[in-house]
Amino acid sequence: MLGFAQLFASRLVKAAAILIAIVVMNFFLVHAAPGDPAMVMAGEAGAADEKFVTQLREQFGLDRPLYEQLGTYVGKIVQGDLGFSYRQQRPVWDILAERLPATLVLTLTAFILALAAGVALGTLAAVTVGTWADSAITVVALLAYATPIYWIGLMLSLFFSIQLGWLPAFGYETIGAGYTGLAHVADVAVHLILPVITLALFYMASYARLTRASMLEVRSLDFVKTAKAKGLSQSRIVTRHVLRNAILPVITVAGIQAGQLVGGSILIETVFAWPGIGRLAFEAVLQRDYQVLLGIFLVTSIMVILFNILTDILYGLVDPRIQVSQ
Amino acid sequence: MTRRLTGIPASFQRGFRRSVHRAAAAGLLAAALAIPGTAALVAAPAIAQETPVRGGVLNSIVQPEPPTLMLGLNQQGPTQTVGGKIYQGLLTYDQKLNPMPSLAKSWTISPDGLTYTFKLFENVKWHDGKPFTANDVVFTTSKFLMEVHPRARAVFSRCESITALDDHTVEFKLKEPFPAFIQAFEVSSAPIVPAHIYEGTDYRANPANNTPIGTGPFKLKEWVKGSYIQLVRNEDYFKEGLPYLDGITFRVIPDAASRSLALESGQVQQTQYSDLEPFEVPRMKTLPNLTMTTAGYEFVAPMAWLEINHRVKPLDDKRFRKAIAYAIDRKFIRDKIWFGLGRVPTGPINSVVKFYDPKVTTYEPNPEKAKALLDEMGLKPNGQGVRATVKLMPMPYGETWTRLGEYMKQALGKVGIAVVLESTDAAGWAQRVANWDYEITTNFLYQYGDPALGVARTYISSNIRKGVLFTNTMGYSNPKVDELFAKASQEIDPAKRQEQYSEVQRILSDELPVVWLLEMEFPTFLDKRVKNANTTAIGVNDTYESVWLAK
């Protein structure tokens with residue numbers, strides 16, 4: 001157990017060093033893009049003069065040398081302050097905190113759904129390999145994987161919202177309804193259905209294909225034959241012996257994808273007008289809202305690092321042969 | 001000559017008058033058809049329909065989501081549409097651009113054109129309950145806007161003094177005559193802000209910017225960032241019985257296809273400006289529950305053009321620019337790229353703006369003439385048929401502008417001008433255009449009701465300013481043009497002013513500092529139940545005090 005704690009601590013120290021490097025790199029990356037927030041705001045206003053742009057640059061601190069801006073920024077980050085969005089006149093943390101729940105509820109629901117359905121379908125396909133069920137699952141997975149995600153979203157919304165009128169076409173909640181408690185949860189859940197299905201379909205497809213391929217490989221290994229020879233039941237062989245060994249590649253891929261969950265749903269959030277962080281990031285890029293963009297980068301980096309550590313721990317739990325070492 | 005224009009108080013009478021008019025028209029029609037009984041049948045529902053009723057919430061779209069609703073600090077399009085319900089200017093304008101009362105009930109202009117006196121409505125209150133007085137107008141125009149609003153700064157810096165004669169009278173004294181002054185009081189050009197909140201503070205950092213306090217018929221109730229902006233009825237609005245609506249909700253819908261769906265499914269009852277892509281417009285026009293109008297954009301009157309950097313050869317030669325003008329088919333651009341929205345321009349001034357003159361050099365599509373001009377310049381085709389290569393950076397403002405760029409490449413290619421398309425995003429575009437780092441780009445500018453406010457800025461040489469957008473970025477310079485624009489901006493005799501503007505239009509249409517492509521029109525879609533919307537030159541940006549929803 002001591003080894004585990006030691007490992008965890010050393011991973012955290014490494015992670016912190018990586019984070020600082022990421023912050024510095026991101027800082028230069030966003031400032032390398034042409035134009036700045038003052039220019040964007042002048043462009044939006046449809047009229048400008050020197051004073052307008054100069055005032056904004058002074059207010060945003062953009063008139064300071066770049067290294068000084070970096071110093072100020074890193075100094076704040078170390079103190080846990082993500083900075084201030086001058087465009088929106090609010091602290092970056094407040095903006096992120098407002099958008100983060102919407103994204104997390106969308107992506108986590110989709111992720112869990114995709115993982116469960118993907119592994120189940122993949123297993124089913126592998127068990128029934130060569131039959132119509134296998135072919136159907138393979139075709140559906142291929143289609144879902146290859147079709148542009150925003151197109152699926154639009155078609156679902158066209159069918160279920162416009163034609164049938166069953167579900168809301170977009171948005172996070174019913175505006176002005178003022179629901180509280182359970183009614184609010186139900187309201188958000190109804191709005192959640194279409195975006196979650198759209199997003200989950202894509203991930204589900206990749207998990208299903210991965211599970212199927214991996215299971216087929218493991219199925220022909222000697223220990224499975226031994227298990228059969230022992231007279232174990234088919235379901236026990238599949239779940240305990242085959243699936244448990246076949247699931248490792250799925251965990252690897254899921255671990256990587258989970259890290260991207262926070263930033264990875266820009267298209268879905270745009271199509272369904274979902275007030276999440278992916279859209280915020282996209283808009284921040286266009287508006288050169290440096291501090292917001294850097295804040296989002298930081299949060300997503302932390303998520304990626306955390307999920308990587310989590311994946312490593314999971315490996316050890318699923319397959320005790322994998323030794324956690326430094 | 002003193003022009004005294006008395007305000008029509010209670011503009012809700014408009015709705016009533018129109019209803020009488022329509023009922024009468026329906027009656028006449030029935031009478032003409034001489035079908036007994038029809039008159040009553042037709043007229044009765046018309047009257048029932050056209051009597052304004054209280055209540056209901058109008059849903060619309062706000063796109064893109066503005067950074068703030070404090071209209072004095074930000075004049076982005078969406079800020080104007082939402083902020084125009086919260087804040088008010090002294091004036092608004094009818095669709096012929098004549099001034100109409102808003103916070104000012106009447107006004108006079110002295111015969112020498114130097115003194116403008118505004119009488120304000122009394123009993124107007126700010127949303128926090130404090131009274132609105134002439135002091136607010138003086139503070140706004142002499143201090144607040146001078147500090148933060150580039151367009152207003154250019155106008156109000158012409159004032160020698162701005163004084164409150166009493167609590168409800170304001171007097172502007174100009175240094176020199178500037179007849180366009182009366183066009184500069186619309187809500188986005190000069191939104192009146194509360195002195196008691198802003199005076200003596202850091203305007204941009206004032207916490208009240210998040211909870212805008214205006215005088216308008218609607219107040220901000222809630223703004224959930226990324227989702228919606230909810231406005232509610234101002235119960236203390238100074239016009240008795242107005243507004244009719246209980247509220248207006250603006251939804252943030254970032255995807256163009258989803259915006260079309262929202263309108264189609266009735267979740268929103270109004271779209272404006274560029275909410276819908278032009279290619280969606282013909283289809284939406286056919287939907288039975290919607291009406292479409294392009295009226296209500298007369299104040300902005302956008303003009304789109306090819307902006308050409310005269311510092312790059314051979315773009316400095318007017319024959320080359322004329323060749324471009326002959327090589328393209330602007331009717332095709334209007335019909336196939338903008339799907340019929342807009343008008344083919346003749347010269348620098350949009351035909352709905354004052355002092356427009358159609359008698360100028362025009363350019364019908366004529367590729368042969370274009371080739372002849374290029375031959376004359378000595379630009380002969382090489383082995384691949386290419387006479388010259390130019391770089392075109394389309395404006396990154398959506399699909400339509402990209403298509404325009406592709407059309408340009410094709411059309412100019414046919415006369416031997418090879419086009420290399422460059423792509424960028426909004427920030428990069430602004431940076432490069434402002435710093436003259438381009439060869440040709442597409443651009444569109446608003447004309448703000450008067451050539452002195454929105455047209456001259458593009459062509460006068462004193463406005464060649466590096467690093468600033470929407471200036472004379474081409475580097476075009478003609479002393480005669482400078483002189484005519486300067487004179488006309490101060491000429492108080494409208495006839496003489498017209499002569500000067502006509503001459504400048506003739507010179508510019510011959511020299512083609514830019515190649516005008518389209519007098520842009522925006523579609524406003526309204527659900528048929530929405531009444532009385534879009535009655536002024538600022539259309540969807542107006543207060544909506546007399547807009548109502550039929551049940």
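I began with the annotation: UniProt positions are given here in the numbering used for this model, feature names are shortened, and annotations may be inferred rather than shown by experiment. I noted that the model is predicted, that local features need pLDDT of at least 70 and side-chain atom pairs count only at pLDDT 80 or more, while totals for chains, interfaces and linings use all residues. Residues are numbered from 1 along each chain as its sequence is written, and chains are lettered from A and ligands numbered from 1 in the order in which they are written.

I looked up the unreviewed UniProt entry, which annotates "transmembrane region" at residues 12-33, 104-127, 139-162, 182-205, 246-272 and 292-318 of chain A. I checked two of these for helix (DSSP runs of H or I, at least four residues) and strand (runs of E, at least two), both numbered from the N terminus. Residues 104-127 of chain A are 100% helix and 0% strand, with end C-alpha atoms 34 Å apart. Residues 182-205 of chain A are also 100% helix and 0% strand, and their end C-alpha atoms lie 32 Å apart.

**Contact of chains A and B.** I counted residues in contact (C-beta atoms, placed from the backbone, within 7 Å). The contact takes 41 residues from chain A and 41 residues from chain B. On the side of chain B that touches chain A, α13(B) gives the most, with seven residues.

**A hairpin in chain B.** I took strands as paired if DSSP finds at least two bridges between them. β7 (residues 159-166) and β8 (residues 169-174) of chain B pair in the antiparallel sense over six bridges. They form a hairpin with two residues between them, and Cys159(B) stands opposite Leu174(B) in β8(B).

Conventions
Contact = placed C-beta atoms within 7 Å.
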